[in-house]
Amino acid sequence: MKKLIVFSLLAIGLLSAAAIRQNDKYFEILKNLDIFATMYKEVNANYVDDLNPNALMRTGIDAMLGSLDPYTVYYSEDQIEDVRTENTGQFGGIGAVIGERDGGKVVVVLPNEGYPAQKAGLKRGDEIIAINGIDVKNDYDKASLYLRGQSSSSINLKVLRPGEGPLDFKVDFERIELPNVPYSGMVDAKVGYIKLTGFREDASKEVKNALRELKKEGAEKIILDLRDNGGGLLNEAVNISNIFIDKGQLVVTTKGKLEEMNATYNALNAATDTEIPLAVLINSSSASASEIVAGVMQDYDRGILVGRKSYGKGLVQRTLPLSYNSQMKVTIAKYYTPSGRCIQAIDYSSRNPDGSVGKIADSLKTAFRTENGRPVYDGGGIDPDVQVERPRLSPVAIGLLKEDLIFKFANQYSGTVPQIQNAQSFELPEKLYLDFKKWVNDKTFSYSSPLQTKIDELKVTAERYGETDKIGQALKQLEAVLSRDVQSDMEKSKEEIKYLIKEEFAMRQHLERGQIEASFSFDNDLKRAIQLLNNPIEYNKILSGR
């Protein structure tokens, strides 16, 4: 009886201590809110210059949330429509990508196939100079405001098209629903390819339909491209995984501070195909839901991952309503792949220039095992089973792209461009390449090699320490060796420049489909995936871990 009384008193004491701690926390919150409100009021009243209260508060909110992680963010009322578009892929517009080119011109970058801009006759390269009679020349922000509106209404556009002068178009507004799968097709006689760019509503349905159609076309192996896919809806990641794994298998587990955030997600439906050989392409911009799908395929040894380490975002967000029609997206949990690993990057801030996760010490990583016993690791993205070096364009090709010279050439080119029936197999005529070289000969654009960059850095260091006289002559000799000869440099990089020109004209004739198909000939990730899928011994060896 005495033991029971002692135990009861101890329990009451623990509860009281917990209640005190909780009350202390609420007191600290209220105290700091009061301090912040008082400070905010006094700064606005006394600071020497006039302040914008909204801008000042936004700076404080962003800094506060930014100290947590990069994904907990605040949305003001005027940002909500953009958030809705991002989450659903639906908005009222003309169905075209609009951008700034050539010194600030508002240009049609890419009409979306089957949408009002294409139907009205707008083309890549058209410069928009007026909307409903309002001048928007060289004013991208103003143009963006007028290029979205209510479905069933329309706008009048005036555009400049090289060689044709000003043209007028009446373009309808329409509910634009961005596809999650903008392309699927055969990349060789037996390999089908599915490009997945988002995890919005119906993404799994689109992938499933694409897979079924490809199998009808003779696909016996599949490539699922998740490169540059930043993720989206968790349930779509679960459903897409379910296409390739059996009903009942674990897909992902989430764990948060609140009990309600802890959940287990299993495949709920019969799989579409659990046997077809599969390669999944990933890179440093494959994040979140993409990493769930890639992680599931790897953990179950269901397919091979090809490319580069993924982004490393193992966090789950939820959007919460705030006052005055504002919202906050807040991190509520971490997710774990079937093997038990969380691929969240340990350090949110330390990333390479291309966005990839920096090297993580082995001592900070924990090893997990796939179904076949292969080691996989947590702590910083998903490592591909087959690493492919990131493609690097030559300095001269980068210079041409930075100055939009290939884009401008295509706008102005008056020669005959052959009809491109199949962008994948299309070979750029030599005459078109020679015409480009001749056209670019009198254009000014800058580029430098990595060696030239190092020489420039050395010159700065020498000047800082007063050593220029000692190495000045040697530097001049090095620069003479590296002096640019545009025509010579273009000839050295002929194949990649021909590819960029081919992609430009394929895009103009066949829009996004043309752009994607043209890229196949220059896509090392894709080529390696095809090679592995067509070599069952090597494919199975990777998955078995032998």
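I began with arginine 124, which forms a salt bridge with glutamate 504, and I noted that the closest N and O atoms are 2.6 Å apart. This is a predicted model, and I read every entry below with that in mind. The two partners come from distant parts of the chain, since arginine 124 is in the loop between helix H4 (116–120) and strand E5 (127–131), while glutamate 504 is in helix H15, 380 residues apart. I then looked up how covered they are: arginine 124 is buried, with a relative accessible area of 9%, and glutamate 504 is buried too, at 5%.

Next I turned to arginine 341, whose side chain meets that of aspartate 299 in a salt bridge (2.8 Å, N to O). This pair also links distant parts of the chain, with arginine 341 in the loop between strand E18 (327–336) and strand E19 (367–369) and aspartate 299 in helix H8 (residues 289–299), 42 residues apart. Arginine 341 is buried, with a relative accessible area of 1%, and aspartate 299 counts as buried at 3%.

I wanted a salt bridge in another setting, and I found one where the side chains of aspartate 442 and lysine 443 meet (2.9 Å, N to O). Here aspartate 442 counts as exposed, because its relative accessibility of 60% is over the 50% cut-off. Lysine 443 is partly exposed, with a relative accessible area of 28%.

How many salt bridges does the count come to? I wrote down 31. I also noted a network of salt bridges that links Lys195, Asp225, Arg227, Arg308, Asp523 and Asp525.

My next entry concerns the rings, for which the count comes to 11 aromatic pairs. One of them is the stacked pair of phenylalanine 36 and tyrosine 40, 6.4 Å centre to centre with 5° between the planes. Both residues lie in helix H1 (residues 2–46), 4 residues apart, which is about one turn of the helix. Phenylalanine 36 is partly exposed, with a relative accessible area of 36%, and tyrosine 40 is partly exposed at 22%.

I then looked at tyrosine 413 and phenylalanine 505, which form an edge-to-face pair, 6.3 Å centre to centre and with 70° between the planes. Tyrosine 413 lies in the loop between helix H10 (405–412) and helix H11 (430–440) and phenylalanine 505 in helix H15 (residues 494–519), so the pair ties together parts that are 92 residues apart in sequence. Tyrosine 413 counts as buried at 17% relative accessibility, and phenylalanine 505 counts as buried at 6%. Both belong to one aromatic cluster, formed by Phe409, Tyr413, Phe436, Trp439 and Phe505.

Where do I find charges over rings? Arginine 101 lies over the face of phenylalanine 407, at 4.6 Å from the ring centre, and the charged end of lysine 313 sits over the ring of tyrosine 71, 4.7 Å from its centre.

Last, I returned to phenylalanine 36, which is part of a nonpolar patch on the surface together with Met39, Val43, Tyr47, Val48, Leu51 and Leu56, with about 610 Å² of accessible area together. H1 gives the most to the nonpolar patch, with 3 residues. Leucine 51 lies in the loop between H1 and helix H2 (53–66), and leucine 51 is partly exposed, with a relative accessible area of 31%.

Conventions. Residues numbered from 1 in each chain as written. Predicted model: local features only at pLDDT ≥ 70, side-chain atom pairs only at ≥ 80, totals over all residues. Heavy atoms only, no water. Phe/Tyr/Trp six-rings, centres within 6.5 Å; stacked < 30°, edge-to-face > 60°. Helix = DSSP H or I, 4+ residues; strand = E, 2+ residues; numbered from the N terminus. Buried < 20%, exposed > 50% of the residue type's maximum accessible area, 1.4 Å probe, protein only. Lys NZ or Arg CZ within 6 Å of the ring centre and 35° of its normal. Patch = residues over 30% accessible without salt bridge, like charges linked within 9 Å, V, L, I, M, F, W, Y side chains within 5 Å. Areas by Shrake-Rupley, 256 points an atom, 1.4 Å probe, with all protein chains shown as cover. Salt bridge = Lys/Arg side-chain N within 4 Å of Asp/Glu carboxyl O.
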